[in-house]
Amino acid sequence: MKLRSYLLLAAISALLLGAGRAETSRRPRYGGTLRVEIGAVIHSLDPVESPADPEEAAAKDEIGALLYDQRNPDGSFAGVAGSGAFHLAQWESGKRLTLAANESYRGGRAFVDAIEIEMGRAAKDRLIDLQLGTVDFAEIPPEEARRAGERGVRVSASKPQELVALAFTPGRGVGDDARAREALSRSIDRTAIVHFILQKEGEPAGGLLPQWSNGTAFLFPTAADTVGAKELWSQIAGSPRIALGYDSGDSLEQAIAERIAVTVRDAGIVLSSGVISQAVNYDVRLVRLRMKSSRPRDALAEFSESLVPASGLDMAPLPANASAEQIYGRERDIVSSYRVVPLVWLPRVYGLGLRVRDWKPPDAGEGWPLADVWLEQESQ
Amino acid sequence: MYSLAQKSAAADGQARSFSLDLSDVSQAAPVELAQIRRTFEDDLTARGMKPAAPPVDMQIEISISRTLVGFTLVAEIHRGDVQLVAIVPVASEESAAPQPGAQLGLERKVLWQQVSPLLDFDQIAADADHTFWYFLEPERLIVYEFDGGQQVLHDAQPIPRRYAARDLRGWIEASDATHVSAFVGAGRCDAVWNPSLTMECRENSGQQWPMGPVSWTFTPGRNYFSGAITVSTSLQAKFPPFYSSASPLAATSGQGPSRRVIAGVDGQAQFFEGSAEAVSAFDGWGSDIASIAGACGSGWQVVATGSGDWTQQDQMQLYEIRDRKAVAIGEPIEFPGPTLSVWTTDDGKSARVISRNLESGLYEASIVSVACGN
């Protein structure tokens with residue numbers, strides 16, 4: 001009953017918005033307040049404080065990119081808050097904030113007058129608010145994108161830029177056997193994960209860079225090879241089991257882990273999945289890595305930096321001017337070790353209100369381009 | 001292609017025969033697969049190798065792939081147990097061909113493409129041999145002098161940014177081939193070519209942009225005009241704020257500026273006739289319009305961009321304004337991206353258009369004129 005009333009409200013709202021739309025103008029219009037909802041709860045905008053929660057850290061970085069004009073080489077923000085396209089107008093820690101356009105921003109004043117950001121909105125609430133037209137911009141989990149589109153939400157997806165992978169823990173029994181790692185990698189049906197868990201909003205990943213970046217992803221196979229996996233697994237003595245860990249608060253990781261546990265059985269692999277905690281040991285864990293740069297060399301270097309030490313691989317840094325072949329070679333070295341097993345690529349998915357114009361999904365490493373969007377005026 | 005063959009040949013060892021498989025994983029290859037095959041086989045044959053059916057000494061699989069910066073050729077070379085991968089970029093030979101218009105309507109000719117943003121351009125003939133091309137970028141004015149089609153001189157001068165706007169507007173007004181004024185946002189620069197470019201920039205007092213017999217009042221820090229149109233020192237007409245406006249070209253139509261269409265900031269295109277009250281509105285017009293006096297047609301003709309935003313392709317439609325109505329003439333012409341500025345040319349016969357090609361990312365300067373058909 002509750003859902004029905006939401007849908008009815010959404011339908012009425014869409015009708016009203018449709019009827020009220022003005023003749024469109026192509027040139028950007030100044031004015032209006034952009035209403036944004038985020039899932040994260042941000043406790044401080046002080047750039048010195050680093051939140052432990054990755055969702056809070058990511059949201060804080062997005063807002064920082066609107067407040068600051070420049071970054072230091074290490075990625076931290078340079079200069080003073082308010083030197084960017086917006087300055088902070090109102091702040092209620094953990095609840096909401098308002099940004100106002102910086103009239104003297106050197107990149108040109110943003111088109112909207114202000115951005116109101118409400119924090120701590122769950123994904124399902126963000127979707128409902130998008131349907132009702134009470135919010136202009138919100139991130140949507142990739143696995144919810146298709147459903148959102150079917151409900152009439154205007155959906156925009158970036159190129160794939162977040163890698164979901166398995167990372168083995170060195171020194172943990174079965175994970176130290178290369179045959180076991182390769183068997184697990186071969187046994188995983190990545191296409192099924194994309195189809196059934198991500199609802200086709202993603203791509204199977206065989207390498208560490210997406211096809212659009214270095215153009216070599218097609219050289220890494222992604223199809224499941226159950227026969228090969230079975231053969232490799234049968235060579236391992238004893239009755240090994242693999243423990244797969246995932247983050248407690250990540251429902252997507254949980255769904256992927258559970259799917260893997262089921263599909264690898266066809267290859268005879270025994271795998272149990274569970275939430276990562278200090279008390280529980282795991283042989284391999286799910287990781288989500290967001291590309292911080294569109295450039296293949298930089299993206300791979302960033303991934304290597306976070307994955308390679310934990311996986312026990314010993315690799316020299318790639319040179320700054322690494323060629324496409326060198327980048328491919330490094331990627332091949334890491335993937336061939338099977339200490340890191342790429343699974344799927346995810347895009348970043350956004351829900352947009354009907355009045356939002358000139359929106360382009362950001363490339364890897366770019367923040368929300370909210371200074372460039374403008375709001376269509378509704379007729380009186 | 002040469003360097004890929006070179007890399008393949010370097011991997012051959014004592015190989016004397018090879019097989020070649022080609023595929024297009026980009027699904028948008030800018031070159032014919034057959035052409036790549038021919039070139040590659042010719043190159044390896046010249047290095048003493050022969051194409052053959054398997055079994056062969058060396059199997060080569062070439063894929064055309066797409067990256068962030070363009071296309072690449074990826075060669076997987078299998079020789080016994082050894083597998084090598086060679087990657088080389090593909091040089092693109094894309095060029096923008098002029099786009100012919102429909103028989104009756106508009107035609108577009110692309111004159112210039114560049115990576116940097118463009119605000120406006122002008123092409124002025126000094127005499128039968130010499131032509132000057134001016135290009136207005138957000139932070140500089142550039143001039144090229146051409147003698148019989150050959151570029152002979154080139155210079156540029158910087159423009160200070162005043163009241164920077166995110167959608168910066170710019171316009172070039174030419175007094176003659178060597179004297180131009182550039183209006184950029186709240187600033188005005190007067191330039192002289194003699195034969196190097198000297199330029200003086202200042203705040204545009206009164207924010208007046210001279211447009212033929214009238215001038216429009218620009219709103220500093222924004223991308224629109226306030227709506228005040230100065231007809232003479234003692235007469236100013238007030239319209240709603242607008243992005244662009246068009247009135248009949250007096251020199252060609254004999255009609256004065258009392259009739260006017262404005263593309264308003266509110267997204268409405270409205271028609272005014274001698275008063276501050278709109279007498280009609282036109283649907284589906286975008287924010288940039290300009291009058292043109294084509295060689296055919298009898299009335300007041302206006303080109304208008306389409307609706308949509310800058311993430312989409314655009315189109316331009318020719319209209320004739322008759323009896324307070326806008327009548328579409330012919331089919332619209334398509335642009336491979338948004339049109340960013342549209343101004344009537346100095347002779348009034350066409351429109352100069354800056355647009356952005358979303359496929360290539362390049363800014364394009366083009367002339368749009370009326371095609372009279374048969």
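Start by selecting residues 33-46 of chain B: this is helix 2, with 14 residues. Helices here are DSSP runs of H or I with at least four residues, strands are runs of E with at least two, and both are numbered from the N terminus. From first C-alpha to last, helix 2 of chain B reaches 20 Å, close to the 20 Å expected at 1.5 Å a residue (the expected span is 1.5 Å times one less than the number of residues).

A word on what you are viewing: this is a predicted model, where local features need pLDDT of at least 70 and side-chain atom pairs count only at pLDDT 80 or more, while totals for chains, interfaces and linings use all residues. Residues are numbered from 1 along each chain as its sequence is written, and chains are lettered from A and ligands numbered from 1 in the order in which they are written.

Next, pick B:Ile36, B:Phe40 and B:Leu44, the buried residues of helix 2 of chain B. Buried means 20 or more other C-beta atoms within 10 Å of a residue's own, exposed means 12 or fewer, and partly exposed is in between, with C-beta atoms placed from the backbone. Now turn to the other side of helix 2 of chain B, where B:Ala34, B:Gln35, B:Arg38 and B:Ala46 are exposed. After the helix comes B:Gly48, with a positive phi near 90°.

Now move to strands 11-12-13-14 of chain B, which form an open sheet in that order with antiparallel pairing (two strands pair if DSSP finds at least two bridges between them). Strands 11 (170-176) and 14 (197-203) of chain B are at the edges; each has a single partner strand, so one side of each lacks a neighbour in the sheet.

Finish with B:Phe183, which stands opposite B:Arg188 in strand 13 of chain B.
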